[in-house]
Amino acid sequence: MARVYQFVADELRAAADQWRAEGRRLVLANGAFDLLHVGHVRYLQGAAAEGDVLVVAVNSDTSVRLSKGPDRPVVPEAERAELVAALVGVSHVIIFDDKTVEGVLRSLRPDVHAKGTDYTADSVPEAALVRELGGEVKIVGDPKDHSTTELIRRLP
């Protein structure tokens with residue numbers, strides 16, 4: 001199972017530098033991953049295919065509430081991170097507290113920032129930063145036919 005970090009630790013930052021020195025391609029994916037579903041799995045499989053090391057940044061409970069509202073997340077951050085870490089292809093998981101993933105991008109400087117198909121390469125909010133840091137944005141996964149919000153709506 002992948003290792004889970006509460007924040008971008010110096011150890012992970014140093015590992016990212018080492019991977020780059022070895023010529024390994026670092027991919028960063030991010031999301032809330034509340035009520036893990038097949039869309040999440042396909043997104044992360046697509047992200048893993050873009051490089052050698054996949055780091056997944058999982059929004060903290062505080063961060064999810066900022067973007068999804070006071071009733072979310074349904075699943076606590078430690079459990080969401082553990083579920084993501086158990087998926088094949090995921091190398092490391094970070095829990096981050098900010099509303100955006102920019103701090104993680106600045107710390108790790110990934111070669112690829114992978115986003116789901118609900119974005120285009122130009123609509124990714126962090127696209128300019130990724131390019132400024134020398135990386136590229138890749139859109140991965142299947143069409144956005146699955147969502148946690150929709151799953152919650154279907155519950156009685």
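First, my ground rule for pairing: two strands pair if DSSP finds at least two bridges between them. Helices (H or I, at least four residues) and strands (E, at least two) are DSSP runs, numbered from the N terminus. I'm working on a predicted model, where local features need pLDDT of at least 70 and side-chain atom pairs count only at pLDDT 80 or more, while totals for chains, interfaces and linings use all residues. Residues are numbered from 1 along each chain as its sequence is written, and side-chain values use heavy atoms, leaving out hydrogens and water.

**Entry 1: the sheet.** I looked up β1 and found three bridges joining it to β4 (residues 92–96), with the two running parallel. Val4 stands opposite Val93 in β4. Then I read off the whole open sheet: six strands, order β1-β4-β3-β2-β5-β6, parallel pairing. β1 (3–5) and β6 (136–139) are at the edges with a single partner strand each, so one side of each has no neighbour in the sheet.

**Entry 2: the β2/β3 pair.** I counted six bridges between β2 and β3, again in the parallel sense. Here Asn30 stands opposite Ala57 in β3.

**Entry 3: β3 itself.** Is β3 buried or exposed? My cut-offs are under 20% relative accessible area for buried, over 50% for exposed, and partly exposed in between (1.4 Å probe, protein chains only). Seven of the seven residues of β3 are buried, so this strand is largely enclosed by the rest of the structure.

**Entry 4: Arg109.** I found Arg109 in the loop between α5 (102–108) and β5. Arg109 is partly exposed, at 33% relative accessible area. What does Arg109 touch, leaving aside its neighbours within four places in sequence? Taking contact as heavy atoms within 4.5 Å, I got Asp17, Arg20, Val104 and Leu133. Arg109 and Ala16 are 93 residues apart in sequence, yet I read 8.0 Å between their C-alpha atoms.
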